[in-house]
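Hi everyone, thanks for making time this morning.

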Amino acid sequence: MDSFLTSRNVSDLLGGVTSGVIYALVALSLVLIWRSTRMLNFAQGAMAVFATYIGFAILAPSTNYWVSMAVAILAGLVLGGVTERVLVRPLYGKPEINPIVAMVGLLLVLESIAAAIWSTSSRALATPFSIVDWQLNHKPVALSPFALYEIITSLVVMAIVAGLFQYTKLGLQLRAAALAPEVSRLLGVRVGRMLTVGWMLSTAVGAVTAVLVASNFFTGLTPSGMDGVFAFGFIAAAIGGLDSPVGAMVSGLALGVVFQFVGDYVNSNAIILVALAMLIVSLMVRPNGIFTRSAQRRV
Amino acid sequence: MIVVENLSVSYGAVRALQSVSFEAPSGEITAVLGANGAGKTTLLRTISGLVTPLSGTVRKDGDLLSGRKTEDIVRLGVAHVPEGRGVIAEFTVEENLRLGFMIARGSLADALDEQYAIFPVLGERRRQAAATLSGGERQMLAMARALIARPRVLLLDEPSLGLAPLVTAQLMQQIRELCARENLTVVLVEQNATSALRIAQRAVVLRVGVVVANDTAAAVRDDENLRQYYLGMVE
């Protein structure tokens, strides 16, 4: 049993899940916005990093981790809401290229502002749990207390979002506004407000993600720190289906595991190639995503 | 009661409604009839605020509806069942009804029970996706979803569209009973003039956006010209 837990495959699996939950969160964040406003938020990572800076850099470094986390989430909610109201709202009904240009623009602007205020040098975040792997009979298990905290936090965030959508009145309205905006208005749903809430939720999920990513000892918090993670999260969302929150989360997790095995058994430089190959194949086979029921009947 | 006065609507250069005026009294069904493109759907969409009129007003029991947002008009008790029914196919029957109840007060469970008593088939299928319902069942769901918030005004856009004649007859009967029992103001847009005139007390006939008749249903039914030229009702 002991040797099983420290074996190569189990180590890869644990490492894969640890990064997979992050891709799953990024994918979820993208799906939340795609479903409600049919936009790809290319600034998702930059917005999340910005919220993280507000939580962890404006406050004194000695501030309690949990307080900083709460402030980052709050900043995410505000940043998401303001972005939707100010930048995104005028883009509804415009050609598809407009939101893409606007969101890429926001990405560049936010990263530049963050660099101007907080510099591009990496900033280490205090972590509430040890990042040293547990040991079994003097061999490391590919899991640290922090990694476990990261996995649990991610799952809790996903469960909260899922529960909100499935069981609350707000969730019912959010889903209705995304599926049938005009019918929703006829039933009294304030659709514009729901779109704002969607962006707020998405950016708050992003903020939690960025805090977890920036806690990584080796990278720390940098203005462009989410770029790489965003790319994999985006691929996960595209493979799982931009309309399917469950698909996005499952494929994010699966992608993390696959990449870990590829990196270990093949070569870590092969990961990006495998990612692109998976994206291309899935787009050829199921362009709407593996988890999206194609040709849904609309009435 | 709904009072429409001098309502004009245009889509770009195309005039869809031209100085339309009529009254739809409480406890009665007012049928709005006319051929395709006569402006019937536009009329309902303007009453519920989805379309902004060029000029003219819509009032409900003295409250001015024109200029308000759809979301607020709905909260004043105006329920609009759109053409094609607008049932959310991905939602279960019960989720559709919960969404309809969103603006209402009181117990959701009681309200659901009440609708399931009126439409038993919806109770049987409460957990099914609305996509699995037949056309008639969807129409019932759309009606139940509108009624669950206890509206005072019911705007129905082509409820008989795509339904078998027998189902249409049952539906019309149900609309008439509901209207009398709840003292509802019903504005019923129909292409199927025969079945609409059978249950309506009043009728408004539109021809390319202009009111050509505004009278009791019986008078419209007996007017040979109207029947032949505007309603396409041939013996």
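Let's start with strand 3 of chain B, residues 29-33, which is mostly covered: 5 of its 5 residues are buried. Do keep in mind that this is a predicted model. Which way do the residues of this strand point? Ile29(B), Ala31(B) and Leu33(B) go one way, Thr30(B) and Val32(B) go the other way, and all are buried.

Now, which strands pair with strand 3 of chain B? One is strand 8 of chain B, residues 185-190, in the parallel sense over 5 bridges. If you want a place to look, find Thr30(B), which stands opposite Val187(B) in strand 8. Another is strand 9 of chain B, residues 202-207, also running parallel to strand 3 and joined to it by 4 bridges. Here, look for Val32(B), standing opposite Val204(B) in strand 9.

Let me move on to another sheet. In chain B, 4 strands form an open sheet in the order 2-1-4-5, and the pairing is antiparallel. Strand 2 (14-24) and strand 5 (63-64) of chain B each have a single partner strand, so they stand at the edges, with one side of each left without a neighbour in the sheet.

And what does strand 5 of chain B pair with? That would be strand 4 of chain B, residues 55-60, in the antiparallel sense over 2 bridges. On screen, you can pick out Arg59(B) opposite Leu64(B) in strand 5.

Technical notes. Residues numbered from 1 in each chain as written. Chains lettered and ligands numbered in written order. Predicted model: local features only at pLDDT ≥ 70, side-chain atom pairs only at ≥ 80, totals over all residues. Buried ≥ 20, exposed ≤ 12 C-beta atoms within 10 Å, placed from the backbone. Pairing = 2+ DSSP bridges.
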